[in-house]
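Please examine the model below with its backbone pairing and its charged side chains in view.

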Amino acid sequence: MTITAPAKVNIFLKITGHRNGYHTLLSRFMQVPQLYDTIRFVPCDCETFTIEGCPGVPRESNTIYKAWKLLNETTGDLDLLEFFYHHKVVVQKRIPSQAGLGGGSSDAGAFMRLVHRICDLKIGLDDLADLGSRIGADVPFFIHDYPSANVSGFGEIVEAFDEVPLPLEVYTPPIGCDTAEVYKIFKERFLPQIDPLSFQGWEKLPSIDLLDRIADPRLLNDLYPAALLACPKLREYERPGWFFSGSGSSFFKCK
């Protein structure tokens, strides 16, 4: 009872607006299959839902715990509740946190997919993804498990993109970027400047074409300038040919 939870990068990320207190976006997500966390359900008599392998993360803040709680509350499935009295969740972390790689969201998405399979939940994949969106904006992408996809809205609209995934190399500097702070700076400094016409049609282009044609990481990722203001030390790690993922701090390039 094991599943891998892959990292992702944002080939491009454009903010399209702001409503109800949240930013809307259009982005191309691509899995990085060689960088992944591993989640296992291990037989164990447990008095309560138990997670191991996430040191420093309070259980109530853990995305896996949030996913389990949400599934319990929504499905009312007694078999699901009983299962985790006899199994603990063991996580082997490889994806760094505060890195723009979706580690916490991927863990939640992979956990929900494994529970869906093992516990035979009577719920469709689309409904499962809708539930995942309550945990985090990136979770629906990981529930659908597409190698490459266009993601829009608040993150809940996920459409598979038919392309051969790129051989990606990822570098994460020893800096953590606070996602909330990056978005706050973007809203204050850059939101009034967004121009939807400047990225019209990008969702139709293969990822390799986007990286070749656009080339400038600041144009490909609207959050990059905001991340540089939130984490000025990022400038020390800029390199030609490398692009910026999410709200940071990771860079990536095509090998």
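The model is predicted, so local features need pLDDT of at least 70 and side-chain atom pairs count only at pLDDT 80 or more, whereas totals for chains, interfaces and linings use all residues. Residues are numbered from 1 along each chain as its sequence is written, and side-chain values use heavy atoms, with hydrogens and water left out.

Helices (H or I, at least four residues) and strands (E, at least two) are DSSP runs, numbered from the N terminus. Strand S1, residues 2–19, is mostly covered, with 13 of its 18 residues buried; buried denotes under 20% relative accessible area, exposed over 50%, and partly exposed the range in between (1.4 Å probe, protein chains only). S1 pairs with strand S2 (residues 22–43) in the antiparallel sense over 16 bridges, where pairing requires that DSSP find at least two bridges between two strands. Within this pairing, lysine 8 has glutamine 31 of S2 as its bridge partner.

A further open sheet consists of three strands in the order S7-S9-S8, with antiparallel pairing. Its edge strands, S7 (168–171) and S8 (243–244), each pair on one side only. S8 is joined to S9 (residues 251–254) by two bridges, and these strands run antiparallel; phenylalanine 244 has phenylalanine 251 in S9 as its bridge partner.

Most residues other than glycine have a negative phi, and most peptide bonds are trans. Two residues between the strands make up the turn of the S1 and S2 hairpin, where asparagine 20 takes a positive phi near 55 degrees. Asparagine 20 counts as exposed, at 66% relative accessibility. Aspartate 120 likewise has a positive phi, near 50 degrees, and is found in the loop between helix H3 (103–118) and H4. Its relative accessibility of 45% makes aspartate 120 partly exposed. The peptide bond from glycine 248 to serine 249 is cis, with omega near 25 degrees; serine 249 is placed in the loop between S8 and S9.

Charged side chains come next. Side chains of opposite charge can pair when their charged atoms come close. Nine salt bridges are found across the whole structure, each being a side-chain nitrogen of Lys or Arg within 4 Å of a carboxyl oxygen of Asp or Glu. In one of them, arginine 28 meets glutamate 163 at 3.7 Å, N to O. This pair links distant parts of the chain, 135 residues apart: arginine 28 belongs to strand S2, and glutamate 163 to the loop between strand S6 (157–160) and S7. Both arginine 28 and glutamate 163 are buried. Lysine 88 and glutamate 52 form another salt bridge, their closest N and O atoms being 3.2 Å apart. Here strand S4 (residues 87–92) supplies lysine 88 and strand S3 (residues 51–52) supplies glutamate 52, 36 residues apart. Lysine 88 is buried at 17% relative accessible area, whereas glutamate 52 is partly exposed at 35%.

Glutamate 60 and arginine 59 also meet in a salt bridge, at 3.7 Å, N to O. Glutamate 60 is partly exposed, with a relative accessible area of 48%, and arginine 59 is partly exposed at 28%.
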